[in-house]
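Thanks for coming. I will show one structure and go through it from the whole chain down to single residues. Please have a look at it first.

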Amino acid sequence: MIQKTARQAVPAKQKLFINLAAAASALLSSMAIMAVMGMNPFEIYGKIITGSLGTSYRFRETINKAIPLTMLSLGTGMAFKMKFWNIGAEGQFYMGAFGATWTVMLFPNLPKGILIPLMLVSGFAWGGAFALLPAALKIKWGASETLTTLMLNYIAQKWVGYLQYGPWRDPKGNGFPRIARFEDNAILPKVFGIHIGWIIVLFTAVLLFFLYKKTKFGYEVSVIGESMETAEYAGLNVKKTIITAIIISGGLCGLAGMIQASAIENSLTDNMSNGLGFTAVITTWLSGLNPLLTVVVSFLFSMLLQGGSYLQSSLQIPSSMAQILQGLIIFFVLGSEILIRYKITFVKRKAGGSL
């Protein structure tokens with residue numbers, strides 16, 4: 001029979017080897033599936049790379065997808081470090097976009113240098129406030145944050161849909177249910193042909209890395225994640241730390257919404273995320289909650305998203321093929337966590353049923 005025992009610690013080289021083996025297993029399994037379906041796996045992988053990096057336009061589109069995905073993953077990672085399972089990045093994304101759009105409507109004539117920072121603050125504040133509700137329910141009544149954050153996603157998206165089809169509907173939309181597009185003073189500027197959101201994301205990743213490694217707050221977040229009882233015994237203000245961390249978590253997801261609304265959509269719509277909030281849960285976990293590694297993992301997943309779209313036009317292959325690859329990567333990499341956390345041994349059962 002199979003017996004597992006908890007490992008005390010796994011050397012970094014061994015952990016890296018297990019993760020690489022899991023990734024290789026995912027690629028080999030996906031190649032086998034493609035071959036069974038009569039497809040050339042090497043051609044498909046080549047098209048994914050070409051479709052995401054092959055031209056300057058495709059590269060920009062990949063970066064445009066990576067920016068909100070990375071910010072959402074960084075926000076989700078803050079909550080996950082405390083084992084607060086924030087599945088509400090999608091909703092916090094929409095509320096951040098809503099807050100930024102409302103700011104534009106309240107102050108439409110402000111100069112760009114003032115309006116953009118106000119939109120950033122508003123997006124962060126609305127995303128953080130929306131994440132605070134499930135945190136309060138968790139602290140006060142022990143409500144499952146997984147369920148509450150998940151349900152709030154739909155509330156946020158439907159709220160944006162209500163505004164789009166109702167009070168904020170653009171009367172100049174020629175019958176289309178849309179919110180008026182932003183003027184230039186509300187659109188993020190570009191650096192090297194890509195909107196400045198990429199600089200914001202990289203700065204945030206580095207800032208969080210040092211926050212976790214070098215500050216008292218980062219240490220408290222880690223301790224709470226390891227054991228809330230230990231944190232309380234050590235005299236940490238657990239409630240204050242949880243609330244602060246969750247506000248930051250939701251706020252970063254709200255920033256992602258603000259960036260998407262300002263730089264890509266130039267407006268607010270009820271389908272602007274395309275499920276990136278849920279994809280962020282995957283990239284957050286695969287990155288091991290490391291902010292710098294989150295940037296790399298999110299970019300690779302964005303290559304799959306952009307390359308998957310290219311498969312449809314170049315080979316008439318459904319983009320779901322890229323989603324199959326994503327799913328296999330998740331299955332094998334998360335499955336490898338068992339080998340990292342536990343030592344697996346095979347024990348022969350003796351006669352009479354004893355070991």
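For charges, Lys and Arg count as positive and Asp and Glu as negative, while His and the chain ends are not counted. The place of a charge is NZ of Lys, CZ of Arg, CG of Asp or CD of Glu. On that basis, the protein has 29 positive and 14 negative charges, and their mean positions lie 9 Å apart.

Some notes on origin. This is a predicted model, in which local features need pLDDT of at least 70 and side-chain atom pairs count only at pLDDT 80 or more, whereas totals for chains, interfaces and linings use all residues. Residues are numbered from 1 along each chain as its sequence is written, and side-chain values use heavy atoms, with hydrogens and water left out.

Now the overall form. Along the principal axes, the C-alpha atoms fill a box of roughly 80 × 60 × 35 Å. How does the radius of gyration compare with that of a compact globule? For 355 residues such a globule would have a value near 20 Å, and the protein has 22 Å, which agrees. The radius is taken over C-alpha atoms, and the globule rule is 2.2 Å times the number of residues to the power 0.38.

The protein contains 13 helices and 4 strands. These are DSSP runs numbered from the N terminus: helices are H or I with at least four residues, strands are E with at least two.

Of the 355 residues, 45% count as buried, meaning under 20% relative accessible area with a 1.4 Å probe and protein chains only; exposed is over 50%, and partly exposed is in between. Contact means heavy atoms within 4.5 Å. Among contacts between residues at least 6 apart in sequence, 77% join residues at least 24 apart.

H4 is mostly covered, with 15 of its 18 residues buried.

Thr 148 lies in helix H6, residues 145-165. Is Thr 148 buried or exposed? Thr 148 is buried, because its relative accessible area is 13%. Beyond its neighbours within four places in sequence, Thr 148 contacts Pro 134, Leu 137 and Ala 143.

Thr 279 sits in helix H11, residues 276-286. Thr 279 is buried, with a relative accessible area of 13%. Leaving aside neighbours within four places in sequence, Thr 279 is in contact with Leu 69 and Phe 301.
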